Amino acid sequence: MKFLVLNGVNLNMTGRREPSVYGGETPESINEELRIFCAEHGHGAEFFQSNSEGELCTQIQNAEGVYDGVVLNAGAYTHYSYALRDAIASVRVPVVEVHLSNIFAREEFRRKSVLTEVCAGAVLGFGKNSYKLALESFWL
């Protein structure tokens, strides 16, 4: 199986931005750990990060027929991007929403996801392990 791990707005700042919330590891180190995790289970993973909503939508639209699943951390777009929601709803490839932090234990505006209803599932609050749990959901 082959997966796309898709990170949205500001996730390029992971490790520097609020490490008490998002952890101290860089996106590169997390991606390498996820690449190894997938390989150990006989699967492949590719990674993409963008601060642009349109680029994220394009990646989701182009995932169909290429990937067996998408793991998406949309960052702040989670809370208001109907464009991402529509992109997810328009493809047959399953998308699992992930968050490093527990969005339900944070500020009020972060407690609503407009994406969850069109995703296959959601994993949140386990730091970088949220990605691993989401990836595992595809092969368990």
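Me: How close do the axes of helix α2 and helix α5 come, and at what angle do they cross?
Reply: Bear in mind that this is a predicted model. Here α2 covers residues 27-40 and α5 covers residues 129-139. Their axes come within 11 Å and cross at roughly 25°.

Me: Is α2 roughly parallel or roughly antiparallel to α5?
Reply: Angles under 35 degrees count as roughly parallel, and these two axes cross at roughly 25°. So the label for α2 against α5 is roughly parallel.

Me: What classes of residue make up the contact of α2 with α5?
Reply: On the α2 side you'll find Ile30, Glu33, Leu34, Phe37 and Cys38. They meet Tyr131, Lys132, Leu135, Glu136 and Trp139 in α5. Sorted by class, that gives seven nonpolar, no polar and three charged residues.

Me: How many helices and strands does the chain have, and in what pattern?
Reply: The chain has five helices and five strands. Going along the sequence, they follow the pattern β-α-α-β-α-β-α-β-β-α.

Me: Which strands sit at the edges of the sheet?
Reply: The five strands form an open sheet with parallel pairing, in the order β2-β1-β3-β4-β5. An edge strand pairs on one side only, and that picks out residues 44-49 and 121-124. Those are β2 and β5.

Me: What does the twist average from one strand to the next?
Reply: Stay with that open sheet of five strands. From each strand to the next, the twist averages 20°.

Me: Which residue in β4 does Leu72 stand opposite?
Reply: Strand β3 takes in residues 69-73, and strand β4 takes in residues 95-99. The two pair in the parallel sense over three bridges. Across from Leu72 stands Glu97.

Me: At about what angle does helix α3 run to β1?
Reply: Helix α3 (residues 53-63) lies across β1, β2 and β3. Against β1 (2-7), its angle is about 170°.

Me: Is α3 roughly parallel or roughly perpendicular to α4?
Reply: The axes of α3 and helix α4 (residues 82-89) come within 9 Å and cross at roughly 5°. Since that is how they cross, α3 to α4 is roughly parallel.

Me: Which residues of α4 make the contact with α3?
Reply: From α3 come Glu53, Leu56, Cys57, Ile60 and Gln61. Both sides together divide into seven nonpolar, one polar and one charged. The α4 side is Ala83, Leu84, Ala87 and Ile88.

Me: What radius of gyration does the chain have?
Reply: Its C-alpha atoms fill a box of roughly 35 × 30 × 25 Å. A compact globule with 140 residues would come near 14 Å. The chain agrees with that, at 14 Å.

How values were computed:
Residues numbered from 1 in each chain as written. Predicted model: local features only at pLDDT ≥ 70, side-chain atom pairs only at ≥ 80, totals over all residues. Heavy atoms only, no water. Axes fitted to C-alpha atoms, helices over the stretch in contact; angles between N-to-C directions. Helix = DSSP H or I, 4+ residues; strand = E, 2+ residues; numbered from the N terminus. Parallel < 35°, antiparallel > 145°, perpendicular 65-115°, else oblique. Contact = heavy atoms within 4.5 Å. Nonpolar A, V, L, I, M, F, W, Y, C, P; charged D, E, K, R; others polar. Pairing = 2+ DSSP bridges. Rg over C-alpha atoms; globule rule 2.2 N^0.38 Å.
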